[in-house]
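Work through the exercises below with the sequence and the model at hand. Each task is followed by a solution in steps.

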Amino acid sequence: MHRDNPYFPNRPFLALLCFGLGVLFSHAQGKQPRAKDFPVIPTPKKITYGEGLLPFSEIRISGMEHVDESAKLMDFFASEGIPTHPNGIAVRFTKKPLEQTTHPEAYALQVDSMVTISSPTAQGAFHALQTLKQLFYKEGETGMLPQVRVVDWPSFQIRGFMHDTGRNYQSVAQLKEQLDMLALYKYNVFHGHLTDNPGWRLESKKHPQLQLKRAFSRHVGKFYTQEEFKEILAYCKERHITVIPELDIPGHTEAFRRAFGIKSMRDPSVEPILLDLFEELISLADAEEMPYIHLGTDEVWHRKEEMEDHSLMAIMDLIKSKGREVITWKEGIQLPQDSTSIKQLWAQHPPREGHRFIDSRANYINHLDPFAGMGRLFFQQPARQPSGDSLALGGILCAWPDNNVAHERDILGQNPIYPAMVFYADAIWNGRKENKLAHWANLPKAGTADLRAFAQFEDAVLRHKATFFKQKEFPYVKQTDIHWELIGPFDHKGNVSKRFPVEDGLEPKYTVDGKTFEWQGPYVGGTVHLKHFFGFPAVTEEASGTFYARTEIYSPEARTQDFWIGFQGWSRSGGRRGGPFPEQGQWHTTEPKIWVNGTEVPPPVWQQPGLKTKTDEIPFVDEDYFYREPTKIVLKKGWNTVLLKIPHGKNSWKWMFSCIPVHFDENGVQRAPGLRYRTQQTPYETD
């Protein structure tokens, strides 16, 4: 995480000798550290910037009350070329409660002529280290920190991330990469969905049939040995992350039934085998290290998946007898005898009255568009209340890329995993005063306080992207300055190819079938949902029709520009949901189009045209705009008019469009340089 002064290039310093400390403390001439130059994510509860910067080339630990965290800090600075030395700047750890809060994960961080970290727990001290890492950068061989005072604590007890490794196995190395990022953004739970229909991914020494080839329908033979699972547990423990393992039963159990040749989960042999498996899982870590066991119970859709209530209660009783908490999905099997389990909410299922719960209702990354989806994560109110309490424990961000993937890295490339982590981190750490459902589908309207708040956080995210996600999959660029005007929906009467007068020339208004239409907006962002597929408030409530969208882009010279363009937003689960996939010559089966300066832009040459909806086992390759080759469009010097046609009807599921110019370098996708966009301040006009 080396940072070569991304904020203050060629800054002159006035060196002041700090007697007694043997360090140099610098004040920037005429400039002060600013929040936007040193963004911390999630935003601390209280942060105050001082007037200068602290340069250092060596450190010394002057307090060892959090020994493990002191060692981690020394390792971090050593990796940045900052060794430990008796004459280095003092870094002091103190173990004490904070005046502002009694939360055990709270911390205080102060940087003046030294660094002071205070927390009642090692976990709080670890959070302080993550803030320090985000503030640190290097100028040449010198480490730099802004003068700052931070007091911070989380609003929710559980701040988690889930991967479905049952359907698509991921290597330990790839999981560790993501765990490092979770730690940096102060997540404290990793939820591993370890079993599903394609495979049982956790080794059993008691029942090795689960590792036989016949048990797998995908990624055959890929599973975590018990030693690898313990390795993940230890890696998480070092980062103060709790692992929640999930063995999902009695639905999602095709692999289990294949392994034992069992036709029904009511078979008398099932209960003793499952008791063995859960007891074996529990034996891999003590109750302090692994306090939760998740047993799924969701989506029992077939009679062969049904189990007797007493068998499920026997498993719950076993888990509780070992000092562990039971977690199940809601909606899932509800047992009248179960009065203690924690419910993890999905879709829009409400909490069970009087029961503790974890909120995952709006958190499925596989459904999220990289642009519009980040607004949902930023503006949603976790648990639908401002902060956690004894019942509302927190939230877990979930990745369910159900479809088969060709390469494990595709899970990160075909789903906005890393952007989602960063945007959700702020909501789940700080909570939200209100749930802004109006922004779940699209970004707030131009000129509003909500859009300004999002744009400010967007700037922070992009600084982090440039620093911590180099050469990683991070499909997000600045989108808050792209404004669209919309007109419609025109009634195409079931003919999605029907032309309307907009295609003959841009006018302020049109009259079609006796109805007058005018341009509305501006709407903001790289993606706009015209009608959201989950029913969140969007632009229209009409069932079908044709919209047109327009914007103008100024280019300082004639150029061939890369664009991300899409009209569907495939969900990476349930096959090609909303399919079939388009044929060659189509952007989508609803016949959308795009013109730039009056010239129609052809769609990509698809690698897998015409695939039907139920194609779960055929991996995605180029279906979504953000992981296929960008579309190249010729821009003229000056203002360029972009016009999109977005019909909806027939078999389509999502009514939306994405269009944004981008640039690629060695670190991935970036904002297209030098372009400007029409805004409220620069309205549409003829140049």
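**Exercise 1. State the secondary structure content and the overall dimensions of the protein.**

Step 1. The predicted model contains eleven helices and 33 strands.

Step 2. Along the principal axes, the C-alpha atoms occupy a box of roughly 80 × 75 × 40 Å.

Step 3. For 687 residues, a compact globule would have a radius of gyration near 26 Å; the protein has 27 Å, so the value agrees with the globule rule.

Step 4. Of the 687 residues, 60% count as buried.

Step 5. Among contacts between residues at least 6 apart in sequence, 75% join residues at least 24 apart.

**Exercise 2. Which strands pair with S25, and in what sense?**

Step 1. Strand S20 (residues 483–490) pairs with S25 in the antiparallel sense over four bridges; Leu-486 has Ala-549 of S25 as its bridge partner.

Step 2. Strand S30 (residues 638–648) is antiparallel to S25, with eleven bridges. Here Gly-545 is partnered by His-648 of S30.

Step 3. Strand S33 (residues 676–677) also pairs with S25 in the antiparallel sense, over two bridges, and Ile-553 stands opposite Tyr-677.

Step 4. As for cover, ten of the eleven residues of S25 (residues 545–555) are buried.

**Exercise 3. Is helix H2 mostly covered or mostly uncovered, and what is its span?**

Step 1. Helix H2 (residues 122–135) has 14 residues. From first to last C-alpha it reaches 20 Å, close to the 20 Å expected at 1.5 Å a residue.

Step 2. Twelve of the 14 residues are buried, and H2 is thus mostly covered. Among the buried residues are Phe-126, His-127, Lys-133 and Leu-135.

**Exercise 4. Locate the backbone exceptions.**

Step 1. Begin with the rule: most residues other than glycine have a negative phi, and most peptide bonds are trans.

Step 2. Ile-41 and Pro-42 are joined by a cis peptide bond with omega of about -5°. Pro-42 belongs to the loop between strands S2 (23–28) and S3 (46–56).

Step 3. The bond from Lys-330 to Glu-331 is also cis, with omega near 20°. Glu-331 sits in the loop between strand S16 (325–330) and S17.

Step 4. His-240 is not a glycine, yet its phi is positive, about 60°. It is placed in the loop between helix H4 (226–238) and strand S14 (242–249). His-240 counts as buried because its relative accessibility is 18%, and the cut-off is under 20%.

Step 5. Lys-493, likewise not a glycine, has a positive phi of about 55° and lies in the loop between S20 and strand S21 (509–512). Its relative accessible area is 58%, so Lys-493 is exposed; the cut-off for exposed is over 50%.

Conventions: Residues are numbered from 1 along each chain as its sequence is written. This is a predicted model: local features need pLDDT of at least 70, side-chain atom pairs count only at pLDDT 80 or more; totals for chains, interfaces and linings use all residues. Side-chain values use heavy atoms; hydrogens and water are left out. The expected span of a helix is 1.5 Å times one less than its number of residues. Buried means under 20% relative accessible area, exposed over 50%, partly exposed in between (1.4 Å probe, protein chains only). The radius of gyration is taken over C-alpha atoms; the globule rule is 2.2 Å times the number of residues to the power 0.38. Contact means heavy atoms within 4.5 Å. Two strands pair if DSSP finds at least two bridges between them.
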